[in-house]
Amino acid sequence: MRWSNCYIPTLKEAPADAEVVSHKLLTRAGMIRKLTSGIYIYMPLGLKAIEKTAAIVREEMNRAGALELSMPMVQPADLWQESGRWEFYGKELLRFQDRNGRDYCLGPTHEEVITDLVRGEVRSYRQLPINLYQIQTKFRDEIRPRFGLMRGREFIMKDAYSFDRDEAGADKSYWAMYEAYQNVFKRLGLRFRAVEADSGSIGGSFSHEFMVLADTGEDTIAACTGCEYAANVERAEVAAPAVPVSLPVVGGIEEVPTPGKHTVEEVCAFLGVSQSALVKTLILVADGKPVAALVRGDRELNDVKLKNLLKCDELELAAPELVQKVTGAPVGFAGPVGLNVERVFADHELLTSDGWIAGANKGDTHLRNVSLGRDAKIERYADLRVITPADACPRCGQPIELTRGIEVGHVFKLGTKYSEPLKCTFLDEDGKEKVMIMGCYGIGVSRVVASCIEQNHDADGIVFPPPIAPFEAVLCCLDPKNGETLGKAEEFYAELKAQGVDVILDDRDERPGVKFKDADLVGMPLQLVVGGKGLARGIVEAKDRRTGEKTELPVDGFAEAFRTWRAAVRAGWGL
């Protein structure tokens, strides 16, 4: 490819609505253009990066035994109604009607469609296991699309679905996909962690997220510094505390006026105590019914853990009116003593001490010397709080480190969440009908490209890893009007192509500074400069885009010298 023949409309400035680095640089590098909110045109270089990512994903899926197909983006409503997700999925599901008044949606995911396909085709245990995947456009009507390809409404995704006879087979399929994902992200040259995660709206019993590590990531990861344990903070376990055999006997409850002190900080400052001495009582609504959750005053409730404990579909903080109704007090004065809520849960850290300060369920009043065992009715103690850097790893006891990450892949063990309501069954060896066990495995292909840039960039532009770069090498001819210089550049260009390098020859009639800036902006990992002065000295200047290190390659013996240098650059990426 020659730059003069390629459409690469680079820009000096990023659009005003671009908030994150990847959005800015993808636009400036001429890789995407916005059509409308959350929907983008993939320009030639952007599409090349996406296609290279998809090719690696496809190779690893095929190697793991998955079979590729392609399913329609338009899906009939009756399948979603059959699974129970037509209403549950919410407004992200873009619904519409055809000319005959039949309901449809644009597919945000394809569990219903693939399950419908398999239930109509697979009848015997002899046909299992099976794993089917596609790489296809999805649509989710995000309430606030932003960050370019990081959170768009239309995006490219690889989604795979496994069907097995039993749990043992489903586990085998799950871990085969887990290993395939490890291979994908290693081959892409990205720094990542596989973390335990909550299954969210997809459902299922077990899942891992694959996170590209980046300071701009929206997700927080709790990662052990001593072992392989890592989890999204929504899922990260807090090890059960050592509970004392007996606790000191506390005196009777004492009411303390706390006028106008609503927050933990205000109450503790007023009373002159540490926030760890207070029990925070939160009133929530689980599937329409009020529940209470207790955590230490200096801790944060993990609502995902509570939701999973309750096995409810919806969980949200109670409105002030409901708080007033069940506590008899305004927000800020709820407490576990005499609380008019049937179900009360407490974080297991509260078992380690007694004599707490808590709200009195009475305006402008708190209580001292609260003993949860004596004064409150706790249905269950459990791990209900958000992990902190001060907590130990729940697996090995070593320190935990909180880092940021961007979710680019997710593997789910679905069980029978979809196969049971959709009656996706098979006949076993004894002729008995059984429900298939499912798994679901997604990679946001277009999001991977954006995440790569969030992780790999500098002040000059994108720093692409070689496998995902639109072109691995750029060959800058500084004087294309000079026949000798252009001729040598053409020779090197032919040699790189012969070595299997995806290379672009910058043959534009532009100043060297323009070419260098564009090469850095677009992020070509290998940069070669062919100029009259260099050729006179018998060298070609080579630059590693990642490190900025420059090397002089000899004109005589260029092919072998380039091969050695290229291998060294790739090794720096861990490839």
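Trainee: In what order do the strands of the open sheet that includes S28 stand?
Mentor: This is a predicted model, in which local features need pLDDT of at least 70 and side-chain atom pairs count only at pLDDT 80 or more, while totals for chains, interfaces and linings use all residues. Residues are numbered from 1 along each chain as its sequence is written, and side-chain values use heavy atoms, with hydrogens and water left out. Helices (H or I, at least four residues) and strands (E, at least two) are DSSP runs numbered from the N terminus, and two strands pair if DSSP finds at least two bridges between them. With mixed pairing, 5 strands form this open sheet, and their order is S28-S27-S29-S30-S31.

Trainee: Which residue of S28 is the bridge partner of Cys476?
Mentor: Strand S27 (residues 473-477) pairs with S29 (residues 526-530) in the parallel sense over 5 bridges, and Cys476 stands opposite Val529 in S29. S27 also pairs with S28 in the parallel sense, over 4 bridges. In S28, the bridge partner of Cys476 is Asp506.

Trainee: Which residues of S28 point the opposite way from Val503 and Leu505?
Mentor: In a regular strand the side chains alternate between the two faces of the sheet. In S28, Val503 and Leu505 point one way, and the residues on both sides are buried (under 20% relative accessible area, with exposed meaning over 50% and partly exposed in between, for a 1.4 Å probe and protein chains only). The residues that point the other way are Ile504 and Asp506.

Trainee: Which helices do the buried residues of H1 pack against?
Mentor: Helix H1 (residues 21-28) has Ser22, His23, Leu25, Leu26 and Thr27 as its buried residues, and just after H1, Gly30 takes a positive phi of about 70°. Packing here rests on contact (heavy atoms within 4.5 Å). The partners of those buried residues include the strands S1 (32-36), S2 (39-42), S25 (457-458) and S26 (461-462), and the helices among them are H11 (445-455) and H13 (512-522).

Trainee: Which residue of S20 is the bridge partner of Asp347?
Mentor: S20 belongs to an open sheet of 5 strands with mixed pairing and the order S16-S14-S15-S17-S20. The edge strands of this sheet, each pairing on one side only, are S16 (315-317) and S20 (380-382). Strand S17 (residues 343-347) pairs with S20 in the parallel sense over 3 bridges. In S20, the bridge partner of Asp347 is Ala382.

Trainee: Is Lys311 buried or exposed?
Mentor: Lys311 lies in the loop between helix H8 (303-310) and S16, and its phi is near 55°, a positive value in a residue other than glycine. Most residues other than glycine have a negative phi, and most peptide bonds are trans. Because its relative accessibility is 72%, Lys311 counts as exposed.

Trainee: Is Asn361 buried or exposed?
Mentor: Asn361 is not a glycine, although it has a positive phi of about 55°, and it is found in the loop between strand S18 (356-359) and strand S19 (365-370). With a relative accessible area of 11%, Asn361 is buried.

Trainee: What is the omega of the cis peptide bond between Leu128 and Pro129?
Mentor: Pro129 is found in the loop between helix H5 (111-121) and strand S7 (130-139). A cis peptide bond joins Leu128 to Pro129, and its omega is about 5°.

Trainee: What share of the residues of the protein chain counts as buried?
Mentor: The protein chain has 15 helices and 31 strands, and its C-alpha atoms fill a box of roughly 95 × 65 × 50 Å, taken along the principal axes. Among contacts with a separation of 6 or more, 70% come from residues 24 or more positions apart. Of the 575 residues of the protein chain, the share that counts as buried is 52%.
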